[in-house]
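Hello,

Here is the structure I promised to pass on. Please open it and read my notes alongside.

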Amino acid sequence: MTDVYITQEEHSSALCSNCRNVFNLEDTYWKDCVWMKKGLHSTFDQLVEAKDNSCHLCYILWHDFTAKLGSEATGPIEYFLEWTEPGLYTGFEMNGLIRMMHWSRREGRPFPQQSGSIENSRTEAVLAWVAEQLESCSHEHSECQRREVPPLPDRVLDIASTKRDIVRLVNTRSGNYVGGYSTLSHRWGDQKFLTLTTRNESSLEEGIPTSSLPQTFQDAIEVTKSVGLRYLWIDSLCIQQDSESDWREQSAKMGSIYRNCHFNIAATAASSDGVGLFVSQNPLSFLPVYVKIDTSFLTSGPEEAEALQRGETIQTIKTPTMEMFRSEDRGRDEYSMTTWRTVLHHRAWVFQERLLSPRVLNFGNGGIAWECWEKVALEHNNLLPNESISHEENESLRKFRDTKIFSRWLENLSQKIAEFPESRIGLTQEAYRRWQDAIEIYSRTSLTFPKDKLIALSGLASLVQKSIKDEYLAGLWRGNLPNDLLWTVKLGESSIRGQIEPVLCFRGIGGAAAWPTIDVSDPFLGASTSTHKEKHWRAPTWSWAHLDTPIYYESDSLDHEMTSSEFCDGAVSNILIRLLNSRIIPVGRDLCGQVEMAQLTVSGCLHKIEACRGGSIVQVESNRWWNVHPDTIVIKEKLEWLECNFVILLVLQRRSRCRGLLLEPDSPKTQYRRAGVVWCDIPCYPPHSDQEEIRYHRITLI
C-alpha cells in the first residue's frame, strides 16, 4: 500500500525536479483553491527516464498508467491540484485517464527507511508475518474457528516425509489420516509439468523429488511447512488428469475440499506454475511517498500558524485512494489491484476456491494480502501493520466479501431454520438474493473450457441446496424461478486492459453499448473470449450459464414473499407463469454440476410481436409497446427484421411494471428458446381474481 506524507522534515522521497515543483505551493500559485492544469512530463520517455532514476512518484505513475493503458501509455502527463480540508488532492492525467491521490493530515507516524533496490518477497520476515496472521486468526477470530478437524481430501501431498526434499502422494481412503491441510489456487500456464495420471499414481505414492515440481508448487510446500502443516492439496497432483470419471468425482467434491482447508494459497502474481509465489518487487511500489512542502500558508487556523512560527513540525499522512479513473471507471485501489483485479481471480474455478476457503493468502506483485472471515490485511503496510482495510471504503472488496460471508452464512442456515421455523421464508428469500449477487460476480469470470460453466460453481450450489432444501435447475432455483429467469445481459462491461485475460464480456468501441454474440472476439480487447472454442451444448437458453457474458438481476424484489409450493401452485398474484414440470439430466452424479439436458414446462400468457423499432422496442398484438433487451447481437438483428415469430412470455408484475421473456420458437411448435428480456411500465393485468379469464399456453423452454 503506497502511503503519502506531506511534511516539513528532511525525510523526503527521492523525486525528480518536475515532481518537486508539483509541491512548490507558494502563495503566487494559489487561486480560488484550484490550480490550472500544468505539464509534468512532455513525453512518456521522460517519465520512464525519471522512473529509472528512482523518482518515487514517477515510478508510481509509470506503474499505474502502463497497467491501465498498456501500449497506449504514450504521454504527455499533466497535473492539477486542489486544496480542500482535510488535505491536498493531486490529479495526474495521461490520454484522458486521471490518477488521483489524496494527501491529508494525520499526526505522529514514523518515517520508515526507504530503498529503491529490487527485493524478493521470500524472506523470513514474510513467512513470520504469514504465521502471525494464521495464529491470530485461529485463536482470536470467533467466525474463523472450527469445532473439529475436518476430514482430508481423498488424495493429498504429504510434505513431512522423512526423506529430505521428497513429498509423497497419499490416498487417504486407504488409511486413517487426519490433520490440517492447505490448498493451492494457480494458473497452469503452457509449460508441461508433472501431473497425476492412472499410470503414475503408485510411483507418486513412493515419493516425488521437490526439484521435479514447478516453482509455484515448491513455494507452496515451503509456506505450508513454515506454519506447521503436514498436508497440501494441489489439483494437478491430486486428481487423475487422464481419467474423466476421477475428474468428475473430485470436481463434485471441490467445494468441500476448499471449505475444509486450513488456508488457501493463491498464486496471484504468477502467470504460470513456473513463476513461483515469491516475486521480485520494487519497494517503490509499496513504500510510502514523502514530499517536502511548505504548508504555512495552507493553515486552517491561528493555532496551527503559531505552531509553525515556533518551528514545530506538522505531519500529514494518508493512504491515497489509489484510484485511476475516468468518470465511469472508479473503485480501483491497491488491495483490489493485488487481489480482485488480477488474472488468477478472474478465473471461474478460482472464484469458488477463494469464496469457500476460510482463509486466503494472496501472493501478488505488491506483496501478500490476507483474507479471512473477519479481516483483510496487507503485508506491505508499514504505517498500519496490524490494521485491517476498511470494507466500507473499498467497493470491489465489499462486493466480494458480501458474497464470501454468504458462504459462511449458509453453513448455519439450516440450523437457524430448524430453530426458528417462522423465519424460513425470510431466510430463504435472503439466500436467493445472495445467490444472484454471487452469479453477477461469477458471470464476469473466464474459463478455459466453457463446458465447465456450471461445474466450476457446483461447490457453492451444493452448499445452497443443502441449506435451503430447494431444487437446483441448471443455475436457477425452483422456488425463485420467476426472479431467476429474468437475468439480463450487462452492456458496456469490460475487463481491465493489460491486467487480466479477456473476461467473457462484450462492448462496442469507445464504450458504446453492444450485445454479445457466441464464439466471437471482443472488439475492444482484440482477443478471443475463451482459450478453447466450444460449440457443444452446455446449458439451456433460459439459464445464465448459456452465455459467456456478464449478467445482472433487477434489484427490486417481489411485493409478496413466496415459497416454492406457492409459486408452483400459481398462488401469488404477481407471478404470471406456473411451473408444470422440470426435467434436468446431470452429467454424472453431481446434481449441481454439468447438465446433459434441461427443460422447463410452464403455463403462461404469450403475446405475439407485431412490430419492432430499432431492435429495442416492440409492439405486441395488444397494441402495447414493450422495451426489449436481446441476449445477443444476432437476436437483435433478427428482431429488427422480424425474421421469426418472436413472442413474449409474461413472468412477473411488480407494482406498475410487468416483466417477461422474449422467446424464439423452436421445433416442435410448443418449444421455445429464450432470446432476451422485456418490460413494460403499464400493468398487464387486473388483480388476481380477474386472471381466470386469461388464456394460458403450455410451452416448453429449452
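Where pLDDT is low, the predicted coordinates should not be read in detail. For the protein chain, the mean pLDDT is 76, and 70% of residues reach 70 or more.

This is a predicted model, where local features need pLDDT of at least 70, side-chain atom pairs count only at 80 or more, and totals for chains, interfaces and linings use all residues. Residues are numbered from 1 along each chain as its sequence is written, and side-chain values use heavy atoms, leaving out hydrogens and water.

Now look at strand β7, residues 155-158. (Strands are DSSP runs of E, at least two residues; helices are runs of H or I, at least four; both are numbered from the N terminus.) R155 and L157 lie on one side, V156 and D158 on the other, and all are buried, meaning under 20% relative accessible area with a 1.4 Å probe, protein chains only. β7 pairs antiparallel with β8 (residues 166-171) over four bridges; pairing takes at least two DSSP bridges. Two bridges also join β7 to β11 (residues 231-233), again antiparallel. D158 has bridge partners R168 in β8 and Y231 in β11.

Last, the helices. Q352, L355 and L356 in α12 meet S458, G459, L460 and L463 in α16.

Best wishes

Conventions. pLDDT is the predictor's confidence in each residue, from 0 to 100. Buried means under 20% relative accessible area, exposed over 50%, partly exposed in between (1.4 Å probe, protein chains only). Contact means heavy atoms within 4.5 Å.
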